[in-house]
Amino acid sequence: MSSKFLNKIRPFIGVIFLQFGSAGFAIVAKAALNQGSSHYVFSVYRNGIAALLFIPFALIFERKTRPDMTLSVFMKILLLGLLDPVIGQNMFYAGMRYTTATVTSALCNLIPAITFVMAWVLRIEKLNFRKTSTYAKILGTSVALGGAMIMTMIKGSTIGLPWTHAPDTANASANPNDHPDPIKGALMIGAGCFCYALFYILQAITLKSYGAGMSLTAMICGFGSMMGTVVAFIVERNNTSIWILRLDAKLLAYVYGGIVSSGITYYLSGVIMKEKGPVFVTAFNPLSMVIVAILSSFIFAEQMTVGKVGGALVIVIGLYLVIWGKTKDNKPEEVLPTTQQPKTHTNSSSDDELPVSSQKAGVTSQDTQFQVGNPESKAKLGRAYSRNRRSMKNAQVHVVVEE
């Protein structure tokens, strides 16, 4: 397996890993919230753990490469810490209380569409409508979003699986901290998705002027944890018991969320973003919902339906189109045919004045501008002839030099 091939597939492996991590977090976060965890405290502990994890790595590995901090970069980092760790995560957790893990992941598929539009408006994602790859990316994003909506809105008949025999009502009654309200949950999660999309766009912009990924991750999580602590103390000021840590599902969710969903996700998405852009990172979000649906059928006994399976297949088709479009992005042969403009020459002498054999060799009039008998001119013509030697098997350049 060549290194060139590995470099091509590395971003794809990275985003797939991110989606598996996101799917696992949706499961453990749902379990923690079912046990009565405060989503304000959840956000604080999650980002605090991520900051503690990345600060040593940033100090060691980016000590000499860290750019100077400017006021503009500092304000962007503060805004990043507010968008995702405080607003986005709290809205996401609050909405998760009112709906299932699968529906939560389905609604998160709004992120690619929002990110795509915003990146195009801000010129971060460049769309060349003369390329078929552009239409493939647009169509793929739309198809994946449509698949997510199919999984959410169309149920169909239940697919009988041995491990999903328990009805949904029994599962819901086992979670006294769940308060089903799909509309309220959808609005909260939708607001969180908008903040996530803004976060990805601003992260891509910030990385252009502050490329130290580990330091950036540590500061985002650190500032986010501090701002989240202030919010938590204000909102939950009469409930100090929520800060107590025990060896249970809540602690697992805090640690998993801090290491995987905040620390590694922020850093790895930033690395991929430098090469592929924010739209590529978010385009794979629908894959997370497929993984969550499968895991939820085992852990929460959620019923697998025809609508979920059909939507998952549509999502896979959409992701394939996005992947194909991104791989073809930099290939000029994918440009759609347009009317060729006539070739103009600024030089007074035209290529048509060259001997036919010279034109076949690819030698232009600019290359033949030399003074007769000048050795320097002869060398210049010789270099032009050498550059085109592969295409001049049957061509000869005849140069007459006055002695």
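**Ground rules.** I number residues from 1 along each chain as its sequence is written, and side-chain values use heavy atoms, without hydrogens or water. Because the model is predicted, local features need pLDDT of at least 70 and side-chain atom pairs pLDDT 80 or more, while totals for chains, interfaces and linings use all residues.

**Helix H6.** I looked up H6, residues 132-153 (helices are DSSP runs of H or I, at least four residues, numbered from the N terminus). Its 22 residues should span 32 Å at 1.5 Å a residue, counting one less than the number of residues. The end C-alpha atoms are 31 Å apart, which agrees. Next I listed its buried residues (under 20% relative accessible area, 1.4 Å probe, protein chains only); among them are Ser-133, Lys-137, Gly-140 and Met-151. Down the axis, the buried residues fall within an arc of 165 degrees (taken from directions to the C-beta atoms), so they line one face of H6.

**H8 and H10.** How do H8 (residues 182-209) and H10 (residues 249-276) pack? I got an angle of about 65 degrees, with axes 10 Å apart (axes are lines fitted to C-alpha atoms over the stretch in contact, and angles run from 0 to 180 degrees between N-to-C directions). Phe-199 and Leu-207 are among the H8 residues that meet H10, where Tyr-266 and Met-273 are among the partners (contact is heavy atoms within 4.5 Å).

Key
Helices (H or I, at least four residues) and strands (E, at least two) are DSSP runs, numbered from the N terminus. Buried means under 20% relative accessible area, exposed over 50%, partly exposed in between (1.4 Å probe, protein chains only).
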